[in-house]
Every structure is written in C-alpha cells, then in structure tokens.
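Please have the structure open as you read.

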Amino acid sequence: MLIPDRLRLTRRRLFQGAGAVIASALAVAFRSMANRVNEVGSRSRRIVIPPGSAADIVFVEDVIVCRTPGGIRAFSARCPHLGCVITKQVDGEFVCPCHGSRFRLDGSVEAGPAIRPLEPLRHSFDEATGAIVVQG
C-alpha cells in the first residue's frame, strides 16, 4: 500500500510539529508568569516603622526598608539572581542566603553572582504615624 506524500511522516514534518508544540507550551508558561508578576506587582503593603526606632533596616514581607542619611529607601528582598529572599545584613551589606550575592545599602551589587541591583520600590512616608507605605 502506497502512502500519499502529504501523509508521509518525514523528519522535517516531525521537527516542525515538535517545534509548534514547544512554542505553544512556552507561550502558555510565559502568559502564566506574566499574570503572576502582575498580581504581585499590584499589591501595596503598609509597613510601620515606629518613629525614633533604633532599627535602620527592616526586613518584612519580601521587602527591605532602610533609613539612611540620604532618606528612606525600599527594595524588593528578592535577589535578582534567582529570586531567593534576602533576610539579613552582614557588615553593612545585604547578603543573599542562596548564592552569596552582596548588595550595598543603595541596592547596587557589591559581589555576584547577581549582576543586577535590588529592585527599588516606590514608597511614601507618613510623618505623623511613622508608617511607610511600600508599593509593589
């Protein structure tokens, strides 16, 4: 029995079909990740640091809030290398617990493997209550 050419499976057709399946799976995965980023990015957190508190650096809810002579700074506590949560400061630097990336208090990279700085977050400060409202 002869199989018509249009129905015959060739390597080219096999790879084209596999490529289409992989491209579709990647599109679905990307859409899912984009939705999660939008969900996380749209949240606001209210972080209260009492006035006169001795703590100049606070780690809370995947956020780092710093009081520096230049003002208040807020960063995502997620390491830009692989997303581990930074929860400590050592010798005046933030240290990622997973791979040891080190970040200065301004969020810039001191030592890798991370190559991007910590993500700065928008925030506002309420002088009356001492509350810092962090966006994102």
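What follows covers the disulfide, then the other cysteines.

This is a predicted model, in which local features need pLDDT of at least 70 and side-chain atom pairs count only at pLDDT 80 or more, while totals for chains, interfaces and linings use all residues. Residues are numbered from 1 along each chain as its sequence is written, and side-chain values use heavy atoms, leaving out hydrogens and water.

**The disulfide**
- Taking a disulfide as a pair of cysteine sulfur atoms within 2.5 Å, the count is 1.
- The partners are C84 and C98, with an S to S distance of 2.0 Å.
- Their link is left-handed, at -105 degrees about the S-S bond.
- It connects distant parts of the chain, 14 residues apart: C84 sits in the loop between β4 (71–76) and β5 (89–90), and C98 in the loop between β6 (93–95) and β7 (102–103).
- Strands here are DSSP runs (E, at least two residues), numbered from the N terminus.

**Burial of the bonded pair**
- Buried means under 20% relative accessible area, exposed over 50%, and partly exposed in between (1.4 Å probe, protein chains only).
- C84 is buried at 17%, whereas C98 is partly exposed at 40%.

**C96 and C79**
- The closest cysteine sulfur to that of C96 belongs to C79, and at 3.9 Å it is too far for a bond.
- C96 is buried, with a relative accessible area of 3%.

**C66**
- C66 lies in strand β3 (residues 63–68) and is buried, at 1%.
- Beyond neighbours within four places in sequence, its contacts (heavy atoms within 4.5 Å) include I57, F75, F94 and L105.
- C66 and L105 are 39 residues apart in sequence, yet 7.4 Å apart in space, C-alpha to C-alpha.

Key. Helices (H or I, at least four residues) and strands (E, at least two) are DSSP runs, numbered from the N terminus.
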